[in-house]
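Please examine the sequence and the three-dimensional structure shown here.

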Amino acid sequence: MAIIDPGHAARQLLYERVFRSATLAAAMLVLVILGGVVVSLVRGAWPALSHFGFSFVAREIWNPVTDQYGALAAIYGTVVTSLIAMCLAVPAGFGVALFLTELCPTLLKRPIGVGVELLAAVPSIIYGIWGLFVLAPLLQRYIQPWLIKHIGHMPIIGPLFKGPPFGIGILTAGVVLAIMVLPFIAATMRDVFDTVPAMLKESGYGLGATTWEVIWNIVVPHTRVGMVGGMMLGLGRALGETMAVTFVIGNAHRISTSILAPGTTISSSIANEFTEAVGDLYTSSLIALGLLLFIITFTVIAAAQLMLYRLERRGGTAA
Amino acid sequence: MSRRGLRKLKNAAFLSLSLLATLTGLFCLAAILWTLITHGLAGMSGRLFSQMTPPPGSEGGLLNAIYGSAAMTLLGILIGSPIGILAGTYLAEYGKKSLISSVVRFINDVLLSAPSIIIGLFIYEIVVVHVGHFSAISGALALAVLAIPVTLRTTEDMLNLVPVGMKDSSAALGAYPWRTTLSVLYPAARSGIVTGLLLAVARISGETAPLLFTALNNQFWSTDLNGPMANLPVVIFQFALSPYKEWQNLAWAGALLITATILLLSISARVLLAILQMDRGAK
């Protein structure tokens with residue numbers, strides 16, 4: 001008895017095509033968004049880039065009154081604050097990941113892990129307001145005077161710690177960024193450490209190695225690529241972070257030798273000035289800053305992702 | 001000291017440093033929460049939920065900002081999450097390991113970490129410039145763009161967790177993949193997908209940078225999606241940096257409100273995921 005309705009099969013096929021196309025279109029939209037970001041930033045930045053040419057990235061001047069703009073101070077601030085953040089957050093993140101994978105009692109593993117992840121969920125504006133009202137005064141009162149007194153006179157690194165303790169500035173922004181990216185670095189490194197086969201570690205312990213020796217000689221070499229990937233993912237975050245930095249950077253478009261002095265970053269310049277920018281060249285220069293930031297962070301994040309993928313693939317075959 | 005003693009000492013030193021790092025991290029979380037609670041509670045009052053943001057130097061509440069944040073977050077999720085879920089479905093069910101899905105997956109992972117202020121500039125360029133004024137719609141669009149990568153990623157991961165046997169059984173009954181996806185895979189991965197949605201809401205509801213030049217701010221009550229709209233993050237930004245005591249208090253209260261909401265969302269997402277894993281373990 002034939003109960004197959006030919007119309008039914010045709011309808012099913014039609015639905016299938018519609019659904020498949022819809023999912024494909026949504027997936028393509030992700031690529032369209034990235035393309036759209038590139039095109040719109042380039043178009044918005046074009047007036048400034050064509051007016052100033054290459055000198056846009058090489059000049060420190062940023063003067064809305066005379067309509068002269070250069071990105072160097074902002075690039076400098078972005079790079080230096082991120083470097084400070086990485087110097088503090090990478091060792092700390094490594095320590096946290098180490099603690100969570102190797103030392104922590106099983107009972108505490110989840111609560112502490114969740115605590116670190118919650119630190120990552122706190123919105124960046126909260127870090128900003130906390131940095132401005134709590135961290136900056138602390139640094140101004142205790143840490144910065146100490147740095148000026150003891151390190152400010154040393155040769156070579158001394159000039160980095162000269163000048164009055166403002167509280168806000170490049171160093172404070174770096175410290176806030178470090179606290180912000182610490183959970184990202186710790187969480188990625190923890191996941192990366194978890195990919196080390198237990199047998200490798202146990203072989204180390206079986207030979208009489210201490211916990212630290214197992215970590216340094218087995219876990220670290222085995223996960224080197226992934227660790228660097230995790231660090232760069234954190235770096236990508238630090239470079240592009242806006243609100244936390246805007247609160248504590250001081251927004252001064254100049255390059256100072258001292259890291260205690262106020263400065264600016266690409267993202268905080270945009271956040272501070274964009275809605276108040278008058279004149280096409282001013283707005284366009286800010287968008288050009290955005291384009292630069294996009295290029296820098298895209299490169300860093302893309303490299304980080306490729307490294308993490310490489311580890312994932314290898315982890316898949318080794319396990 | 002003996003070689004053995006030295007090794008043990010080195011071990012103890014590094015392990016203590018690692019413990020110290022963890023304690024520092026947890027201390028920071030506690031310090032931030034403590035500041036928020038002490039400062040925020042001082043600004044909490046009934047007025048917060050019943051009055052508008054005040055002019056400088058006078059008392060008021062955050063009602064318009066709370067409404068604006070809720071409206072734009074909701075709208076952002078409504079626009080962004082279907083796209084993310086569909087795209088995640090494509091990667092998990094159709095594209096799998098093809099070149100195109102690898103590219104989409106890679107670009108999505110990059111967008112997941114891309115600076116949100118860039119997304120704000122993008123929406124400014126394609127919407128605000130053409131419309132000619134700031135609007136809540138453009139703010140919601142910026143948030144939607146930020147929500148897509150989060151939902152895409154979790155949807156794909158969760159669909160991949162559904163046992164192949166379920167998919168095969170459905171196919172053996174003659175169902176097309178769309179039917180299998182809607183009637184078998186989505187229900188099976190439901191709590192996982194909801195987790196992704198919660199995480200996306202948590203991610204976008206605290207975003208400030210993309211709203212600065214899309215939704216801007218509005219001192220008054222406004223439900224007009226086509227005009228500027230107040231929202232908590234931008235109000236916090238503006239009020240915290242002002243010299244007025246009343247404004248600063250409101251900023252702290254808003255900060256507490258937003259953090260509590262986000263932490264609650266993140267914790268619920270984790271609880272949901274834990275229940276999901278327990279269910280799976282039991283089966």
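**Cysteines and a pocket in a predicted model**

A:C87 counts as exposed, because its relative accessibility is 58%, and the cut-off for that class is over 50%. The model in which this residue is described is a predicted one.

A:C87 takes part in no disulfide. Its nearest cysteine sulfur belongs to B:C28 and lies 17 Å away, whereas a disulfide requires a pair of sulfur atoms within 2.5 Å. Over all chains, a search of the whole structure returns zero disulfides. In general terms, such a link would be a covalent bond between the sulfur atoms of two cysteines.

Rolling a probe the size of a water molecule over the atoms shows where empty space is left. The second largest pocket has a volume of about 540 Å³. Which elements give two or more residues to its lining? They are α3 (72-103), α5 (124-150) and α6 (170-193) of chain A, together with α1 (3-43) of chain B. The largest share, nine residues, is supplied by α1(B).

In total, 24 residues line the second largest pocket. Those that lie nearest its centre are A:L88, A:A92 and A:L182 from chain A, with B:A21 and B:T24 from chain B. By residue class, the lining divides into 21 nonpolar and three polar residues, with no charged residue.

Key. Residues numbered from 1 in each chain as written. Chains lettered and ligands numbered in written order. Predicted model: local features only at pLDDT ≥ 70, side-chain atom pairs only at ≥ 80, totals over all residues. Heavy atoms only, no water. 1 Å grid on protein atoms, 1.4 Å probe; cavity = no way out; pocket = protein on both sides within 12 Å on 5 of 7 lines; lining within 4 Å. Points joined across faces, edges and corners; volume = space filled by probe spheres on them. Helix = DSSP H or I, 4+ residues; strand = E, 2+ residues; numbered from the N terminus. Nonpolar A, V, L, I, M, F, W, Y, C, P; charged D, E, K, R; others polar. Buried < 20%, exposed > 50% of the residue type's maximum accessible area, 1.4 Å probe, protein only.
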